[in-house]
Amino acid sequence: MQKFLTMLGFAMKSGKIITGDDTCEMFMKKRKIKLLIVAADASENTKDKFRFITKQNEVQLIEISTKEELSQAIGKYNRAVIGITDRKFANSLLQLVEQIVK
């Protein structure tokens, strides 16, 4: 899990992350987001909303970690939704999630 959070921090420093519900929704509709991360402890309403949006836009969604851990990793406060805008970072994060699940 720590590698995943560290990679999120690198993506943030590289300017490859969009955060927040409204901003992610807007960028999702513009097809700028390659991977969407939703905190496992986000509200069911938020999870359902982004499951629907990602399905519509054919973007992969990951539910992982907590709002606190994700927020700390990117240096922001209270973020439950994170959009990755770079394909390479998205693929790297997906690989790390696969390792975590195993």
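Biologist: Which residues in H1 meet H5?

Modeller: Lys3, Phe4, Met7, Leu8, Phe10 and Ala11 in H1 meet Phe89, Ser92, Leu93, Leu96, Val97 and Ile100 in H5. "Meet" is a contact, heavy atoms within 4.5 Å. Heads up: this is a predicted model, where local features need pLDDT of at least 70, side-chain atom pairs count only at pLDDT 80 or more, and totals for chains, interfaces and linings use all residues. Residues are numbered from 1 along each chain as its sequence is written, and side-chain values use heavy atoms, with hydrogens and water left out.

Biologist: What angle do H1 and H5 pack at?

Modeller: About 170°, with axes 9 Å apart. That makes H1 roughly antiparallel to H5 (the word is for angles over 145 degrees).

Biologist: OK, switching to H4. How does H1 pack with that one?

Modeller: Helix H1 (residues 2-13) and helix H4 (residues 67-74) pack at about 45°, their axes 7 Å apart. Phe4, Leu5, Leu8, Gly9 and Met12 in H1 touch Glu69, Leu70, Ala73 and Ile74 in H4. By class, that contact has 7 nonpolar residues, 1 polar and 1 charged.

Biologist: And the largest nonpolar core, how many residues has it got?

Modeller: 32, and Phe4, Leu8, Ile37 and Ile84 have the most contacts inside it. Such a core is made of buried nonpolar residues joined through side-chain atoms within 4.5 Å, buried being under 20% relative accessible area with a 1.4 Å probe. Helix H5 (residues 87-101) gives the largest share, 6 residues.

Biologist: What does isoleucine 37 touch, sequence neighbours within four places aside?

Modeller: Among others, Phe4, Leu8, Ile62, Leu70 and Leu93.

Notes:
Axes fitted to C-alpha atoms, helices over the stretch in contact; angles between N-to-C directions. Helix = DSSP H or I, 4+ residues; strand = E, 2+ residues; numbered from the N terminus. Nonpolar A, V, L, I, M, F, W, Y, C, P; charged D, E, K, R; others polar. Buried < 20%, exposed > 50% of the residue type's maximum accessible area, 1.4 Å probe, protein only. Parallel < 35°, antiparallel > 145°, perpendicular 65-115°, else oblique.
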